[in-house]
Amino acid sequence: MKNSRLTAFEILYDIEKNSAYSNIALDSAIKDFEPKDKAFISSLVLGVVERRITLDYLIKPYLSGKTKPKVKLILYIGAYQLYFMDKVPSSAAINTSVELASQTGVSYYKNLINAVLHKVDNNRIDINTLDDLSVRYSVPQNLINFWKKMYGDEQCEKLLSVINTKPPVFAVPNKMYVDAEELSYELLNSGVDCEVEGELVKINSSFNLSALKPFKDGLFHIQDKSSFECAKALEAKAGDTVLDICSAPGGKAFTIAEDMNNCGKVYAFDIYEHRVGLIKSGAERLGLDIIDARVNDAEVLSESIPSADKILCDVPCSGFGIIRRKPEIRYKELDTIKELPALQLKILETSSAYLRDDSRLVYSTCTLNKRENENVVRAFLDNHSEFKLIKEKTIFPSEYGGDGFYFAVLEN
């Protein structure tokens, strides 16, 4: 089996050359590694993706001219270990990076890699004191400017201060079987460090949760705290007919079905068959037989979809609220998301046509962008006087809380 650092390099090179998603590239590449090695590779890969701007700043003073992509990637890997992986000795970070040069076909640059990383190590700076927020937090300046314009300087800096923290993991108790206290007891007995937090259980230790007996027994599903709050805002109750328009992988649909005490009907849709399969398997594990998962194009009105008492319209978005989970999102070109509000409004318009009178619709995204959030809702309300805004909320990510999220509660 390949060593951990070479595997990390190959994953990062795949991400760089083929625009692969970090989570997908990681999952397929590390499935056969031991848990300790999986954790190391994941930390290194996600860390290098996350800290690319900072790492560039650290190595740039010691390079001249154009640097080969593979060489720069090796330098990133070495510099990340030097600055952000305290348990890795400097000698190991540097020597293994030099070895990577031979393993990846750039052995000619071994001396350069060795020299640059020694200089990075010997001339350390305190990144947290840098005035340049882009370098300090490794976020493109155009995205920082974007957030400052949207939310103001103070809120932007608060957002940046948590953007590189590890997001908490929350377990949602399956209310048909357990409440939060009972689930906490089951997880503690399985060796998982956890604590009750309201209706949820916060997981405090690294664990393969899907391998646990309580998971296999359908006692919980994993869902971000902000997403959970959004699903609760629908106020679904037993006997309702509910549509979850863009459902996969199904976390909100599961929470909704549990709130309904598995009584009524939840139609959960996605445009891709394999993602519908994720909803079906999750619902089966949780014993939620009121969930009917189907393939559907959310933009197109379908005569096969029934009218509903409640609709959750969680639309495709730029994802700026979940950068902690998918660090490459921060590098999106802002021009590439300009078309999203039109798509989101189209899906919202189509979804609203399924709603019965005197009923509720929740529009949501996992992004922090008023053009995709408030502006879409305003445009919808301008065209639909029969709807009124009951509540809207923007959630900013926090170290101990959920992801960045937006939802608006509408009623007709």
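Colleague: Which exposed residues does the face of α2 turned away from its buried side carry?

Modeller: Exposed means over 50% relative accessible area, buried under 20%, and partly exposed in between (1.4 Å probe, protein chains only). On α2 that face carries Ile24 and Asp27. This is a predicted model, in which local features need pLDDT of at least 70, side-chain atom pairs count only at pLDDT 80 or more, and totals for chains, interfaces and linings use all residues. Residues are numbered from 1 along each chain as its sequence is written, and side-chain values use heavy atoms, with hydrogens and water left out.

Colleague: Which residues of helix α2 are buried?

Modeller: Helices (H or I, at least four residues) and strands (E, at least two) are DSSP runs, numbered from the N terminus. In α2, residues 22-29, the buried ones are Ser22, Ala25 and Leu26. They line one face of the helix, because they fall within an arc of 100° seen down its axis; the arc is that of the directions from the axis to the C-beta atoms. Their cover includes α1 (4-18) and α3 (35-50), where contact means heavy atoms within 4.5 Å.

Colleague: How many bridges join strand β2 to β3?

Modeller: Two strands pair if DSSP finds at least two bridges between them. Four bridges join β2 (residues 194-197) to β3, and the two run antiparallel. Val196 stands opposite Val201 of β3. The two strands form a hairpin with two residues between them, and Gly198 in the turn has a positive phi of about 65°.
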